[in-house]
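Subject: Structure for your review

Dear colleague,

Please find below the structure that I am handing over to you. My findings follow directly after it, and I would ask you to read them with the coordinates open.

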Amino acid sequence: MNDMQFTDRAVDQKETKIAAQGVNVHYGDAHAIKDVNVEIEDKTVTAFIGPSGCGKSTFLRCLNRMNDTIDICNVTGNILLDNEDIYDKRVDPVQLRAKVGMVFQKPNPFPKTIYDNVAYGPRIHGLAKNKADLDEIVEKALRRGAIWDEVKDRLDKPGTGLSGGQQQRLCIARAVATEPEVLLMDEPCSALDPIATAQVEELIDELRTRYSVVIVTHSMQQAARVSQKTAFFHLGTLVEFGHTGQIFTNPEDPRTESYITGRIG
Amino acid sequence: MSDTSKTSLLALSPRTKQRNAAEKRFRAYGVAAIAIGLLMLTVLVTNIFSRGTGAFQQTFVTVNVELLESKLDKKGNRDLEDIKKVTTFGYNPLIRDSVVAKVEELGIQTDLKAKDLGGILSKGAVGQLREFVIANPDKIGETIEFRFLAQSRVDGYLKGRVHRESIGNDKSISAEQLDLVDQLVDAGVIVKSFNMDFITGADASDQRPEAAGIGVAMLGSLSMMFVVLGLALPIGVAASIYLEEFAPKNRLTDIIEVNISNLAAVPSIVFGILGLAVFINYMHLPTSAPLVGGLVLTLMTLPTIIISTRAALKAVPPSIRDAALGVGASKMQAVFHHVLPLAAPGILTGTIIGLAQALGETAPLLLIGMVGFIASNAPETLADGLLAPNSAMPAQIYEWAKRADPAFYERAWGGIIILLVFLVTMNTLAVILRRRFERRW
Ligand SMILES: Nc1ncnc2c1ncn2[C@@H]1O[C@H](COP(=O)(O)OP(=O)(O)O)[C@@H](O)[C@H]1O
Ligand SMILES: [Mg+2]
C-alpha cells in the first residue's frame, strides 16, 4: 500500500447531503443490499469500494432512483436528500434525477453532436431562455468537464467520435449541465486508459468544490487518490465507513483489512 | 522425447488432412447451393421476361376516319346532346370505311368484305372514336388520322402467338385477313409499338384482351397500401413501444407476445375470411372495396411490423436509455428523443417489407371480392379510390391467368413484371435504408 497517496483530508465536518437509513434492496428474492445506513456529505468525494457483486452499483442507483427502471427491484428504507425522502410518493424521479446526476461505467454519449449532448438536459428542464443562454450553459458545462479546449472547434461533430476518455468527460459535462447537487459515478474510469483515468480523477477532485460526489470504484488506489470518505461494502452490507485515510491505514473491521490487503476480492 | 514423436511442420498430420478435406467439402456444398439458387432465379427471371415483355407492346393500325356529318350529327347544329345520342353502333360504318379506304388507297387487292376489313381493328375502336367526337364536336366533317388498337388475333399474329395453321376454326380471324395484315405491315400501316395503356389502363372484357391494362388495379393496390401504411404503422409502432418500453414484464405481456408471434404465422386466407365476416357481413362495408382489402392486409401486416419494431427497439443499447434517464428525461422523453430515432431505420425496413408482403398477397382478397372484379374505370375521387369496387395487382394477374384467351395469359405475365418491379424497388429501398443507418452509436 505504499504507492497510495492520499488527498489532503479536510477533517472539518461538512453538512450531510444524503442520509440513507435502513436501506434494503431486493431483486426478486435476492437480497442485494442489507440494512445500509450511511451519511454522505456535501462537497466531498465519497468512494464505495468492495468486491464485485457486493451491491455498490445497486446502492448507488438507489440514490437517484435509477432502480425504478428495473421491474423486479424493490427498495425499502429511507433515503433523505436534504432531509426530504426521495422515495416519498410525491417525488417525481425525473425531478430528482435533475438534482442527482449520474455518470455511467461505459461512456454513453448520445449519438448526436457534442453540443446537443450537453444541451439536452438543460433543454428538457427549460434551463435556458434563448440560444445564447444555452450556448453559455454548454460552454460552462464543457469547461467544468475539462474538455472544452479539446472540443470547442467541433461542437457540431458527433459525441460518439471522441476517444473513450473524452467521451467520459463529455458525459460528466452532460451530467453537470443540469446543475445537479449530487454527482453519482459508477466506475467512471473502468473503460479508460491510465492517462484518461488521471484526467478524469483530476476532474473529480475539482468537482468536489461544487458538488457532493459519490464514486464507485473497484480500484483501491483510485479510492485513495480521489476520495475523502470511503465506504466498504461486502456481500450487500456496509462493513465500514469513514475517512479514507483511516480506512486504508487503520481499518476497524478484519474484512476491510483483508480486502485492502488483497485477501478478498 | 524420442525422435519418432517429433513431427515436422512441413508434413500434414492425418488429423489436419481430414479436417481440411471436411472444410473443402463443406465449401463445395455451399458453392453448389448458391449455384442452384442462382440458376433457379435466372430461370424464373428469364421466363417471366420472355413471356411478359410482349404485354408492353401492342399492335396498332393507323387509318384516316372521315367524320361524316350525316352519320354523327344529322341536324348539323353540333348540339352535344344530339351527338351523344349516336351509340357506338352508329360509329361502326365509319371505322369499317376507314379501313376500306386505306386498303383502296394502297391499291391492295382483296376479296374480303368491308365487315371483315374492319374486323382487324379492336372492338374498342368505336368507343375510342366516339369519345373523340364527343370531346371535339367541331371536328365533325373533317377526316382525321387515328391510331387504333388491332384486334388481339392480329396482335398475336405479329407477336408469333397466332399461326396460320392454327386458325382453321377460329371465328375471329381468317387466312385472308392475315394476308391483308401482311400487306398492311409491309405498307407500315400496322405497327407494333410500346403500349402505355397496359400500365395505366383498365381491365377490359373477354372480347378485347388487346385493350386490357393493369393501371386501375394498380390504383386499387396503392389505395390498399395507403390504408395499410396509415393504420398498421402507427398501431404497430405504438403497440411495440408500449410492450417494449413501458409494459411490465408479466404473465399477461408474455401471453400477448406469444400471440403476436402466432399471428404472424396465421395463413393469409384466415385473415380474408375474418375480413369477410367482420368488415363486410357485420360492419356492412362495400365488397370489393380497397378499404376493406386494406383493413384485411393491415391485420396481416401488423404482426410483421410489431415484431420488426420490437427487434429494432431491443437493438438500441440500454446505455442510451440510462443516459437519458440519468440527465432527468422522463421515460417517454427517453423513448421519443433517443430510442425511437435510433430504431427508426429498423422500423422503416420492417414496414417496407411488411408492405411488400401485403402488396403481393392474393388469397385474402379472394374472400372479399377483389379477385374477379373487372376494374374498368379509374376511381375519380379519393373516397372513390377507397370505397368503389376495384381489383388489386395480384388479383388482376390471377384473373387474367384464368381467362381462356391466350392473349390474356401474356398480360398476366406482363402484370407479374410490374408487380415484381414494385416489390424489388421496395425491398431495395429497405436494404438501402438499413445499410445507410446501420450502427450509428
Ligand atoms: N438487474 C438486476 N437484476 C437482478 N439482480 C441484479 C441486478 N443487478 C444486480 N443484481 C444483483 O445484485 C447484486 C449486486 O450487484 P451490483 O450492485 O451490480 O454489484 P457491484 O456493482 O458491487 O459489482 C449481485 O448479486 C447481482 O447479481
Ligand atoms: Mg457495479
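I begin with the place where the two chains meet. In this predicted model, the contact between the chains draws 21 residues from chain A and 17 residues from chain B. On the side of chain A that touches chain B, the elements giving two or more residues are helix H2 (93-99), strand E6 (100-103), helix H3 (114-124) and helix H6 (164-176) of chain A. By residue class, this side of chain A consists of 10 nonpolar, seven polar and four charged residues.

Chain A

The secondary structure of chain A amounts to 10 helices and 10 strands. Its radius of gyration is 18 Å, close to the 18 Å given by the globule rule for 265 residues, so chain A is as compact as a globular protein of that length. The C-alpha trace of chain A extends over about 55 × 45 × 35 Å along its principal axes. Buried residues make up 47% of the 265 in chain A. Of the contacts in chain A between residues at least 6 apart in sequence, 70% link residues at least 24 apart.

One residue that I examined individually is A:Asp205, which lies in helix H7 (residues 194-207) of chain A. Is A:Asp205 buried or partly exposed? A:Asp205 has 15 C-beta neighbours inside 10 Å and therefore counts as partly exposed, since a buried residue needs 20 or more and an exposed one has 12 or fewer. Between A:Asp205 and A:Gln95 there are 110 residues in sequence and 26 Å in space, taken C-alpha to C-alpha.

Ligand 1

The residues surrounding ligand 1 are A:Tyr27, A:Ala30, A:Ala32, A:Gly50, A:Ser52, A:Gly53, A:Cys54, A:Gly55, A:Lys56, A:Ser57, A:Thr58 and A:Ile70. Strand E2 (30-41) and helix H1 (56-62) of chain A each contribute at least two residues to this shell. The largest share, three residues, is that of H1(A). In composition, the shell around ligand 1 comprises five nonpolar residues, six polar residues and one charged residue.

Chain B

For chain B, the secondary structure comes to 19 helices and three strands. The radius of gyration of chain B is 31 Å, well over the 22 Å that the globule rule gives for 441 residues, so chain B is more spread out than a compact globule. Along the principal axes, its C-alpha trace spans about 110 × 70 × 35 Å. Of its 441 residues, 37% count as buried. Among contacts in chain B with a separation of 6 or more, 78% are between residues 24 or more positions apart.

Chain B is divided into domain 1 (56-194) and domain 2 (215-437). The centres of these two domains of chain B, taken over C-alpha atoms, are 45 Å apart. Their contact involves five residues from domain 1 of chain B and four residues from domain 2 of chain B. On the domain 1 side, the touching residues are one nonpolar, two polar and two charged.

With kind regards

Notes
Residues are numbered from 1 along each chain as its sequence is written. Chains are lettered from A and ligands numbered from 1 in the order in which they are written. This is a predicted model: local features need pLDDT of at least 70, side-chain atom pairs count only at pLDDT 80 or more; totals for chains, interfaces and linings use all residues. Domain bounds come from an automatic or database domain assignment. Two residues are in contact if their C-beta atoms, placed from the backbone, lie within 7 Å. Ala, Val, Leu, Ile, Met, Phe, Trp, Tyr, Cys and Pro count as nonpolar, Asp, Glu, Lys and Arg as charged, and the others, Gly among them, as polar. Helices (H or I, at least four residues) and strands (E, at least two) are DSSP runs, numbered from the N terminus. The radius of gyration is taken over C-alpha atoms; the globule rule is 2.2 Å times the number of residues to the power 0.38. A residue is near a molecule or strand if its C-beta atom, placed from the backbone, lies within 6 Å of it.
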